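Hi,

Here is the structure I promised to pass on to you. Could you open it next to this email while you read?

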Amino acid sequence: MAKILCTGGAGFIGSTCAKRLLKEGDDIVIIDNFNSYYDPARKEKNVAEINELAEELGRSVSLVRGDIRDKECLRSIFRENDIDAVISWAAMAGVRPSIEDPELYVDVNINGLMNILEVMREFDKHKLVFISSSSVYGNNEKVPFSEKDRVDHPISPYAATKKAGELLCHTYHKLFNMDIHCLRYFTVFGPRQRPDLAIHKFTKLMCENKPIPMFGDGTTSRDYTYVDDIVDGTVRSLRYVLSHSDVYDIFNLGGSHPISLKDMIYVIGEELGVDPIIQQLPMQPGDVKRTYSDYSHAREVLGYEPQISFKEGIHRFIEWYKGGC
Ligand SMILES: NC(=O)c1ccc[n+]([C@@H]2O[C@H](COP(=O)([O-])OP(=O)(O)OC[C@H]3O[C@@H](n4cnc5c(N)ncnc54)[C@H](O)[C@@H]3O)[C@@H](O)[C@H]2O)c1
């Protein structure tokens, strides 16, 4: 199989996908800086699970504790490993914190990606899956969101950096024949979810009988997508990029079933057997009103078809949460 560089492979989605790649017979190299955006102990736990699986399978994983902003570090990875493809998850990922510190988001998400593209070019490597986000759609009025819609009106620095990433990827495809897919993930949830994301945060608060801060009137909605479905779409994209040339494409990876904030809170409450105490607060700047994916392009080209319903996904998340995360 292939040797895949997973940037941000210690995080929520990267670590889940890294395990899937190992099971499919790929070799993986992870670069992650274990930053403290949330408790790095969670990332250590993710990596421990990856190592455990690798041992079970009789395989090895290389872990580089480094930063994608450090070009020399990236060079040393390519010098020491014959990398077939890169999946680029490493990023500052929160919408609201990007308003507090936009320069950090530009530095990691744009300059860090530039380093990856440049070092790939230096080492004559051509295959990249870049992880973008549904946030590039901003407050798109038309639903569901299609890759054909214009995405010129981001409403957070985070969204702007993801759009910039897609543009850089296109430029490197055109100039240096790189084969690239950009995947627009729609709110991902499931076991190992980041603790700063609403489902995880609300579950914790409900378990502690604390009020749930609900921003807005509860009618904002998100197209929640279960992490295994996202991983499936990502691996399909990787295989496509590895086996085709002259590729540049953008795909929505979503579930096409938006759930309102209020319903999300009630589904969690139901699963926990708790009556949620809701504290209504004003809408937060940077938050979009809704996300809703049209994933027909991913279905047609990649055969992507999400399998896990929101309720089932919440059930699985809470099982994981109750098991001590
Ligand atoms: N979780 C979602 O709902 C969602 C939705 C859309 C897009 N995404 C994108 O998916 C990717 C993964 O998100 P996640 O939810 O798993 O987040 P995460 O924070 O758990 O994972 C990101 C990982 O990247 C690492 N990282 C950050 N900056 C780095 C740097 N400079 N050098 C090396 N490593 C660095 C972090 O330590 C972390 O382990 C991100 O690019 C994010 O923007 C996530």
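Below is what I found, starting with how to read the model.

This is a predicted model, in which local features need pLDDT of at least 70 and side-chain atom pairs count only at pLDDT 80 or more, while totals for chains, interfaces and linings use all residues. Residues are numbered from 1 along each chain as its sequence is written, and side-chain values use heavy atoms, with hydrogens and water left out.

The ligand

Polar contacts here are pairs of N or O atoms within 3.5 Å. A polar side-chain atom of Asp32 sits 2.6 Å from a ligand oxygen atom. The backbone takes part too: a polar backbone atom of Trp89 is 2.7 Å from an oxygen atom of the ligand, and one of Ile68 is 3.0 Å from a ligand nitrogen atom. On its own the ligand exposes 820 Å², and the protein buries 97% of that (Shrake-Rupley areas with a 1.4 Å probe).

Helices (H or I, at least four residues) and strands (E, at least two) are DSSP runs, numbered from the N terminus.

A helix pair

Helix H1 (residues 12-23) and helix H2 (residues 40-56) have axes that come within 10 Å and cross at roughly 0° (axes are lines fitted to C-alpha atoms over the stretch in contact, with angles from 0 to 180 degrees between N-to-C directions). That makes H1 roughly parallel to H2, a label for angles under 35 degrees. Residues in the contact (heavy atoms within 4.5 Å) include Phe12 and Leu22 of H1 and Ile50 and Leu53 of H2. The contact divides into six nonpolar, two polar and three charged residues.

Two backbone details

Val143 and Pro144 are joined by a cis peptide bond, with omega about -10°; Pro144 is in the loop between S5 and H6. Phe34, in the loop between strand S2 (27-32) and H2, has a positive phi of about 45° although it is not a glycine.

Best wishes

Methods. Angles under 35 degrees count as roughly parallel, over 145 as roughly antiparallel, 65 to 115 as roughly perpendicular and the rest as oblique. Ala, Val, Leu, Ile, Met, Phe, Trp, Tyr, Cys and Pro count as nonpolar, Asp, Glu, Lys and Arg as charged, and the others, Gly among them, as polar. A polar contact is a pair of N or O atoms within 3.5 Å; within protein, one must be able to donate a hydrogen and the other to accept it, and residues adjacent in sequence count only if both atoms are side-chain atoms.
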